[in-house]
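Take a look at the fold before reading on. The paragraphs below walk through it piece by piece.

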Amino acid sequence: IVTLSGTVSTQQDKERAVALAERVEGVVMVMDDLATDLTVQTRFGATVDSLQGELKAFLSLLPVLLVAAVIVAIFTLVARLAGKANGLYERITSNTFLRDLLRQVVQIGIFLFGVVIALMVLDATALIGSLAGALGILGLAIGFATRDTVENYIASILLSLRQPFRHEDFVGIDDIEGKVLRLTSRATVLMSVDGNHVRIPNARVYKATIVNYTRNPLRRFEFSVGVDTELDLSRPRQLALDTLASFTAVLKDPAPICLVDALGDSSVILVIRGWVDQRPDDFL
């Protein structure tokens, strides 16, 4: 039976003394009569000693921390330079949206590689596994909290792969029409015909009905005209066709047509249709 008596500075010292006594061979019981010194002078001195020890440890580690910081800074610079290598990404893919996505992946990959090397210099590689586990749990929680953001990001990747539209294509997404300016990780940005920027969440774009007016350069237009019921219809029909033929932007093939659309009490409605090549001529 071992009896411990006296005064210790901290509770941790008391627990260490008891644990040490219990490990001695032949000891079957430890009587703990140790008292913790709670005087201000002793507590303050223990705190100062602890801070001095931490400061010495930090100063001894400071050169290694500086090296790790330099490594992270260098890889951050390399990642930025890699993001500016437009010629390389243009050779890989002609899709503007995929180039932007690939640029982000390369930059993030280079930066994370630099962080791993810095941790190896700090002899903290075990921290990588802990961080991976913590980030996995944290990512799951953030995923539930930011479900819309994650959904929009995944939709941006799928839109980049499927390519329903390209940069500067004129499209209709549900009831919204405009020219595609860019595809970000969260939204598709259009320029409407009246000059307004329209941001549509990518999740909505992916699920929407998309009409691409640019993919096929030939586009048909139509309008209706009412004529008197007493007129010979061959005359206004021929006038409509001759008028369209006078415009160089209206294609000869497919040829314009003029048809009777509806018969009214006081007028006959003619529908007139023609085709325009959008590459040399503006549709409007």
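What follows covers a sheet, some aromatic rings and a helix.

This is a predicted model: local features need pLDDT of at least 70, side-chain atom pairs count only at pLDDT 80 or more, and totals for chains, interfaces and linings use all residues. Residues are numbered from 1 along each chain as its sequence is written, and side-chain values use heavy atoms, with hydrogens and water left out.

Start with the sheet. It is open, has five strands, and runs in the order S6-S5-S4-S3-S7 with antiparallel pairing. Strands here are DSSP E runs of at least two residues, helices are H or I runs of at least four, and both are numbered from the N terminus. Two strands pair if DSSP finds at least two bridges between them. Strands S6 (197-201) and S7 (210-212) stand at the edges. Each has a single partner strand, so one side of each lacks a neighbour in the sheet. On average, neighbouring strands of this sheet are turned by 40° against each other, direction ignored; the axes are lines fitted to C-alpha atoms, and angles between N-to-C directions run from 0 to 180 degrees.

S7 pairs with strand S3 (residues 170-173) in the antiparallel sense, over three bridges. Val211 in S7 is the bridge partner of Gly172.

Next come the rings. The whole structure holds three aromatic pairs. Rings of Phe, Tyr and Trp (its six-membered ring) pair if their centres lie within 6.5 Å; planes under 30 degrees apart count as stacked, over 60 as edge-to-face, and the rest as tilted. Phe170 and Tyr213 form a tilted pair, 5.6 Å centre to centre with 45° between the planes. Phe170 belongs to strand S3, while Tyr213 sits in the loop between S7 and strand S8 (218-228), 43 residues apart. Both Phe170 and Tyr213 are buried (buried is under 20% relative accessible area, exposed over 50%, partly exposed in between, with a 1.4 Å probe and protein chains only).

Phe221 and Phe223 make a stacked pair, at 6.5 Å and 0°. Phe221 counts as buried because its relative accessibility is 17%. Phe223, at 37%, counts as partly exposed.

Which rings does Arg219 sit over? One is the ring of Tyr213, whose centre is 4.1 Å from the charged end of Arg219. Another is Phe283, where Arg219 lies over the face at 3.7 Å from the ring centre. The cut-offs are NZ of Lys or CZ of Arg within 6 Å of the ring centre and within 35 degrees of the ring normal.

Finally, turn to helix H4 (residues 96-121). Its buried residues include Phe97, Leu101 and Leu119. Asp123 follows H4 and has a positive phi, near 55°.
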